[in-house]
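Trainee: I would like to learn how to read a model from its computed features. Please take me through one.

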Amino acid sequence: MDVWQDYTKKVMEHYENPRNVGVVENANGEGVVGNPACGDVMKLTIRVENDIIVDVKFKTFGCGAAIATSSMVTEMVKGKSLEEALKISNKTVAEALGGLPRVKMHCSVLAEDALQAAIDDYKKKTGAK
Amino acid sequence: MKPIYMDHHATTPLDPEVLSAMMPYLKTAFGNPSSTTHDFGREARQAVETARQQLADWLGAADSDEIIFTSGATESDNLALKGIAYRSPDEKNHIITLAIEHKAILDTAKYLQKQGYEISYVKIDSHGIIDLDDLRRQIKKNTALISVQAANSEIGTMQPIAEIGAIAHEHGIPFHSDAVQALGKLDINVQRDKIDMLSISGHKFYGPKGIGALYVRKDLRLAPLIHGGGHERGMRSGTLNVPAIVGLAKAAEICERDREKENARLLQLRQKLRQGIESQIEHVQLNGHPEKRLPNNLNFSFAYVEGESLMLACRDVALSSGSACTSTSLQSSYVLRAIGVPDFLAHCSIRFGLGKSNTAEQIDIVLDLLRKHVPRLREMSPLYDLAKAGVDIEQLSWKDHDHDIHE
Ligand code: FES
């Protein structure tokens with residue numbers, strides 16, 4: 001696939017050594033989302049304490065770009081307040097990876113959706129608004 | 001690590017012997033085979049006609065005139081379908097084919113359908129094999145053509161070509177077969193197998209790219225797609241590509257010479273690969289027929305591991321995948337879907353296409369890579385967790401979040 005040539009060093013680095021793989025043990029927020037475009041799936045679990053995401057882990061079924069964006073989004077939100085975390089969009093994640101090939105932009109949406117879903121789930125569970 | 005090429009259904013490297021045979025026609029013997037008034041042209045014509053005869057013999061054709069040179073199998077498939085459709089009398093406007101044909105057939109059929117032709121797709125089983133009873137049922141008074149591939153490029157499934165030919169002839173319907181993947185591996189004889197048209201592509205059997213042929217039985221007339229100087233009995237105009245034609249015939253000669261030995265070798269390698277995968281990796285599914293498949297083909301789904309990410313992990317090995325992620329349309333393989341492989345398993349599919357350059361050591365390397373990366377990616381896969389928790393993955397569906405992709 002010629003698209004791999006277009007993966008930045010950063011994408012490859014995150015794909016090869018993904019950060020925060022797994023499931024947070026005492027998670028209080030979980031988001032599982034599927035990509036309606038290509039059928040890929042991402043699960044993000046978070047532990048929130050005093051409005052701060054103290055721990056986050058992911059599991060992803062998807063292409064290299066999906067794995068790299070998942071890994072990157074966990075790095076970006078760790079230690080952030082919920083409000084800050086919600087500002088992260090698929091575009092900021094892609095930018096943090098030095099960009100994604102055009103055909104792979106939709107993969108980064110999965111990361112944004114999963115984060116959103118995990119935070120929603122936390123809010124629902126804890127009654128936070 | 002030295003890259004390993006295991007994608008021989010896509011293309012094959014040019015055989016050095018083929019290149020040597022072509023060289024004189026690239027360097028000095030430049031004549032136009034249509035220029036029969038001088039030696040330059042006659043030399044070229046001689047080369048083309050010798051090649052034509054060789055190919056005719058190879059395919060079991062009655063006459064060398066029955067070989068029409070084209071730019072490749074896509075053109076051959078187009079010529080077969082449109083050539084028949086455009087010259088059949090109006091009342092013969094029905095074409096029968098399979099849903100797992102090459103896109104050169106399927107897209108041509110769709111194009112003809114838009115122009116008012118009727119297309120029927122014969123039922124296939126879960127291995128991709130044609131249902132001959134259904135074929136009989138689909139035949140109508142206005143059927144102009146039956147087109148069925150000899151073997152499939154993704155799953156390697158081989159069709160009972162001779163039986164299809166017999167049925168077609170019982171009904172007086174011409175039979176076309178795209179034999180691109182099968183040639184050089186299977187024993188095909190157009191007269192014995194009752195094939196009226198057969199598509200060939202040079203680069204699939206170690207010949208040059210940009211050259212192919214359509215065998216057209218003598219009494220069959222096709223409407224040409226390319227008009228001009230009336231070459232190739234008026235069915236395909238254009239100055240002949242002499243070096244490529246010489247290369248095509250040479251490649252065929254080598255293939256036939258080595259066929260049995262090479263097939264046996266490929267079968268052994270494939271058996272090693274298949275056994276290695278099935279015995280060393282959990283949750284795998286073979287796609288296609290267990291036996292009736294090309295000797296160089298394997299197609300496996302590694303459940304819960306997305307195909308592109310696995311290919312990326314094994315990127316020193318050239319493979320291909322039916323995953324949606326590898327296609328620009330974001331659709332998983334239409335072939336796998338047509339034989340009923342669930343979408344999520346199509347997503348996890350990898351095609352191994354063995355060929356001349358592959359060795360037993362390379363199979364070991366590939367098995368090592370798979371053993372290492374499949375479990376690693378599985379550990380990363382939420383689907384694996386869900387499956388372990390007893391969730392039926394086939395039933396999962398995702399709402400479209402109706403979401404803009406910010407670029
Ligand atoms: S996740 Fe399917 S293309 Fe990236």
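Mentor: What follows goes from whole chains to single residues. Keep in mind that this is a predicted model.

Trainee: Let us begin with chain A. How many helices and strands does chain A have, and in what order do they run?

Mentor: Chain A has five helices and three strands. Read from the N terminus, the order is α-β-β-β-α-α-α-α.

Trainee: What does the radius of gyration say about chain A?

Mentor: The radius is compared with the value that a compact globule of that length would have. The C-alpha trace spans about 45 × 25 × 25 Å along its principal axes.

Trainee: Which share of the residues in chain A is buried?

Mentor: Buried residues, those under 20% relative accessible area, make up 57% of the 129 residues. The accessible surface of chain A is about 5,300 Å², and 46% of that surface belongs to carbon and sulfur atoms.

Trainee: And how far apart are the mean positions of the positive and negative charges of chain A?

Mentor: There are 17 positive and 18 negative charges in chain A, and their mean positions are 1 Å apart.

Trainee: What span should helix α5 of chain A have?

Mentor: Helix α5 covers residues 105-126 of chain A, which is 22 residues. At 1.5 Å a residue the helix should span 32 Å, and because its end C-alpha atoms are 33 Å apart, the length agrees with that expectation. Just after α5(A) comes A:Gly127, with a positive phi of about 75°.

Trainee: Now chain B. What is its secondary structure, and how does its radius of gyration compare with the globule rule?

Mentor: Chain B holds twelve helices and 13 strands. Its radius of gyration is 23 Å, close to the 22 Å that the globule rule gives for 407 residues, so chain B is as compact as a globular protein of that length. Its C-alpha atoms fill a box of roughly 75 × 50 × 45 Å along the principal axes.

Trainee: What can be said of burial, surface and charge in chain B?

Mentor: Of the 407 residues, 57% count as buried. The accessible surface comes to about 17,000 Å², with 50% belonging to carbon and sulfur atoms. Chain B has 46 positive and 53 negative side chains, and the centres of these two sets lie 2 Å apart.

Trainee: How should I read contacts by sequence separation?

Mentor: Take the contacts between residues at least 6 apart in sequence, and ask what share joins residues at least 24 apart; in chain A that share is 61%. For chain B, residues 24 or more positions apart account for 72% of the contacts with a separation of 6 or more.

Trainee: Give me a residue in chain B that shows this. Where is B:Ile100, and is it buried or exposed?

Mentor: B:Ile100 is in the loop between β3 (94-97) and α4 (103-114) of chain B. B:Ile100 counts as buried because its relative accessibility is 1%, and the cut-off for buried is under 20%. Leaving aside residues up to four places away in sequence, B:Ile100 touches several residues, among them B:Ile124, B:Gln149, B:Tyr334 and B:Ile339.

Trainee: Is B:Arg259 buried or exposed?

Mentor: B:Arg259, also in helix α7 of chain B, is buried, with a relative accessible area of 12%. With residues up to four places away in sequence not counted, B:Arg259 touches B:Gly184, B:Lys185, B:Leu186 and B:Asp187.

Definitions and conventions:
Residues numbered from 1 in each chain as written. Chains lettered and ligands numbered in written order. Predicted model: local features only at pLDDT ≥ 70, side-chain atom pairs only at ≥ 80, totals over all residues. Heavy atoms only, no water. Helix = DSSP H or I, 4+ residues; strand = E, 2+ residues; numbered from the N terminus. Rg over C-alpha atoms; globule rule 2.2 N^0.38 Å. Buried < 20%, exposed > 50% of the residue type's maximum accessible area, 1.4 Å probe, protein only. Contact = heavy atoms within 4.5 Å. Areas by Shrake-Rupley, 256 points an atom, 1.4 Å probe, with all protein chains shown as cover. Lys, Arg positive; Asp, Glu negative; His and termini not counted. Charge placed at Lys NZ, Arg CZ, Asp CG, Glu CD. Expected span 1.5 Å × (residues − 1).
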